[in-house]
Amino acid sequence: MGIQLLSISHKTAPLEIRRLFAFTQEQQERLGLTFLKEGGVQECVVIATCNRTEIYVYAADSGRRQNLFQRLQQILLREAGALKTEHIADYLRFYQDEKAVRHLFSVTAGLDSMVVGEDQILGQVKKAHEQARETGTAGKYLNTLFRYAVTCAKKIKTETDLSKSSVSTATLAIKAAEEVLGDLAGKKVLVIGGTGQIGSIVLKNLYSMKGIRIYSTIRSVTLSHDAHFKSESSTVIDYRERYNYVDEMDVIISATASPHYTMACSKVQERLRTDKVRVFVDLAVPVDIEERIGELPRTFLFNMDDFEELAKANNLAKKRAAREAGEILQEYAEDFMRWMIFQWSVPQMEKTKAWMLAEAEKKGFEKAIDKLFYRIREQADPEELKSFFRCIREPESQE
């Protein structure tokens with residue numbers, strides 16, 4: 001019995017592979033239910049973001065773990081339509097018990113992110129857990145695990161510098177544009193998908209910069225959204241009109257959940273008239289911007305894989321904070337493992353209490369205690385025995 005994890009992420013797979021596992025919310029819910037029905041597990045939470053897809057499960061059956069991994073992998077690949085993809089299994093990672101627990105805590109705190117310390121993942125983990133609770137696929141063990149993970153992440157963000165002056169993929173999008181164009185003052189920037197989680201962060205960052213003319217799409221211009229601030233420097237346009245603005249833009253950033261291209265190469269090429277340098281930034285998985293756009297003259301295209309290099313300097317600066325965060329993470333991981341082992345042991349504790357009461361009734365309480373100690377001595381190995389007596393020492397003797 002225990003926590004199991006099946007993972008594919010930016011650390012194990014390129015963008016072209018990760019896009020196969022970019023499940024919509026509806027697909028995530030269906031996937032969780034399928035794991036419960038076919039996978040031989042009792043609980044499941046699915047996390048699917050731009051950079052990772054992870055399946056956390058709780059399985060009561062402690063045996064045949066290799067068989068469990070094979071079942072989970074088969075279901076995941078089938079639902080992703082990736083069963084025939086060459087070498088696909090090489091990109092998957094399987095963790096169990098404390099390694100799976102520590103991995104979730106690391107992910108939730110932003111320690112496993114492409115950009116170390118980024119804040120978006122905490123909200124994504126909370127959303128995935130809430131979705132599993134509403135769907136009915138998360139129970140006692142995963143509910144507790146995810147509560148511990150969120151609490152741990154919040155403590156790390158409060159007590160370390162990990163998230164101070166944090167850089168996210170959204171801010172890296174702007175940095176990429178600045179590296180090509182220099183100062184963005186006087187430039188025109190189009191954000192497609194500004195009402196989404198990442199797109200709204202891009203917009204907020206742009207609004208904090210002076211001298212940029214900002215354009216953002218919305219599905220209907222009659223709708224409003226918090227991400228679209230009222231500003232003289234901003235213009236909200238209908239999503240259907242986006243290609244009409246391509247020629248005058250210096251930067252186009254796209255971050256949607258669309259299954260289709262938001263920027264197709266042929267349509268972009270038709271509308272380009274002005275000879276100037278342009279930057280396209282794709283923050284979506286699957287991709288929003290057709291890769292061939294990067295081959296157009298004086299055009300630069302960045303996608304999620306490109307941001308790994310841009311993130312390195314940020315990550316190096318956060319190494320010390322990451323070490324401090326690791327100490328907090330270890331503490332919470334151990335707390336959770338103690339809780340889970342205690343839960344598993346409740347039936348044994350009940351049996352032991354009943355046995356001791358029976359012994360006490362026959363020979364007295366003192367004899368029952370002695371018999372328990374001798375029983376532990378005979379069944380524990382030396383290290384276990386040392387640990388047991390360390391645990392029951394009186395507080396005064398621990399000083």
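The side chains of K353 and E350 form a salt bridge, with an N to O distance of 3.3 Å; a salt bridge is a side-chain nitrogen of Lys or Arg within 4 Å of a carboxyl oxygen of Asp or Glu. K353 and E350 both belong to helix 11 (residues 319-363), where they stand 3 residues apart, about one turn of the helix. An α-helix has 3.6 residues a turn, so residues three or four places apart point the same way. K353 is partly exposed, because its relative accessible area is 47%, and E350 is also partly exposed, at 43%. In these terms, buried means under 20% relative accessible area, exposed means over 50%, and partly exposed lies in between (1.4 Å probe, protein chains only).

The structure is a predicted model, in which local features need pLDDT of at least 70 and side-chain atom pairs count only at pLDDT 80 or more, while totals for chains, interfaces and linings use all residues. Residues are numbered from 1 along each chain as its sequence is written, and side-chain values use heavy atoms, with hydrogens and water left out.

## Overall architecture

The protein contains 13 helices and 10 strands. Helices (H or I, at least four residues) and strands (E, at least two) are DSSP runs, numbered from the N terminus. The C-alpha trace spans about 95 × 50 × 40 Å along its principal axes.

Of the 399 residues, 48% count as buried. The accessible surface comes to about 20,700 Å², and carbon and sulfur atoms account for 50% of that surface; accessible areas come from the Shrake-Rupley method with a 1.4 Å probe, and for residues only the protein chains shown count as cover. Among contacts (heavy atoms within 4.5 Å) between residues at least 6 apart in sequence, 72% join residues at least 24 apart.

## Further salt bridges

The number of salt bridges in the protein is 22. One of them pairs E291 with R19, at 3.0 Å from N to O. This pair links distant parts of the chain, 272 residues apart: E291 is in the loop between strand 9 and strand 10 (299-302), and R19 is in the loop between helix 1 (15-18) and helix 2 (25-38). E291 is partly exposed, with a relative accessible area of 34%, and R19 is partly exposed, with 26%.

R240 forms a salt bridge with D238, their closest N and O atoms being 2.8 Å apart. R240 is exposed, at 65% relative accessible area, whereas D238 is buried, at 12%.

## The buried residue D282

D282 is located in strand 9 (residues 278-282). D282 is buried yet has no salt bridge, and the nearest side chain of opposite charge, that of R19, is 7.3 Å away. For charge, Lys and Arg count as positive and Asp and Glu as negative, while His and the chain ends are not counted.

A polar atom of the D282 side chain lies 2.8 Å from the backbone nitrogen of D288. The backbone nitrogen of I289 likewise lies 2.8 Å from a polar atom of the D282 side chain. Not counting residues up to four places away in sequence, D282 touches S254, V287, D288, I289, F302, N303 and M304.

Helix 4 (residues 98-108) is largely enclosed by the rest of the structure, because 8 of its 11 residues are buried. These buried residues are A100, V101, H103, L104, F105, S106, V107 and T108. After helix 4 comes G110, whose phi is positive, near 85 degrees.

Helix 6 (residues 140-159) includes Y141, which counts as buried at 10% relative accessibility. Apart from neighbours within four places in sequence, Y141 is in contact with E43, Y58, F336, W339, M340, Q343 and W344. The C-alpha atoms of Y141 and T158, 17 residues apart along the chain, are separated by 26 Å. K157 is also found in helix 6 and counts as buried at 18% relative accessibility. With neighbours within four places in sequence left aside, the contacts of K157 are A109, G117, E118, D119, L122 and S163.

## A nonpolar surface patch

F373, F389 and I392 form a nonpolar patch on the surface, with about 260 Å² of accessible area together. Patches are made of residues with over 30% relative accessible area and no salt bridge; like charges are joined within 9 Å, and nonpolar side chains (Val, Leu, Ile, Met, Phe, Trp, Tyr) within 5 Å. I392 lies in the segment after helix 13 (382-391) and counts as partly exposed, at 43% relative accessibility.

Technical notes. A polar contact is a pair of N or O atoms within 3.5 Å; within protein, one must be able to donate a hydrogen and the other to accept it, and residues adjacent in sequence count only if both atoms are side-chain atoms.
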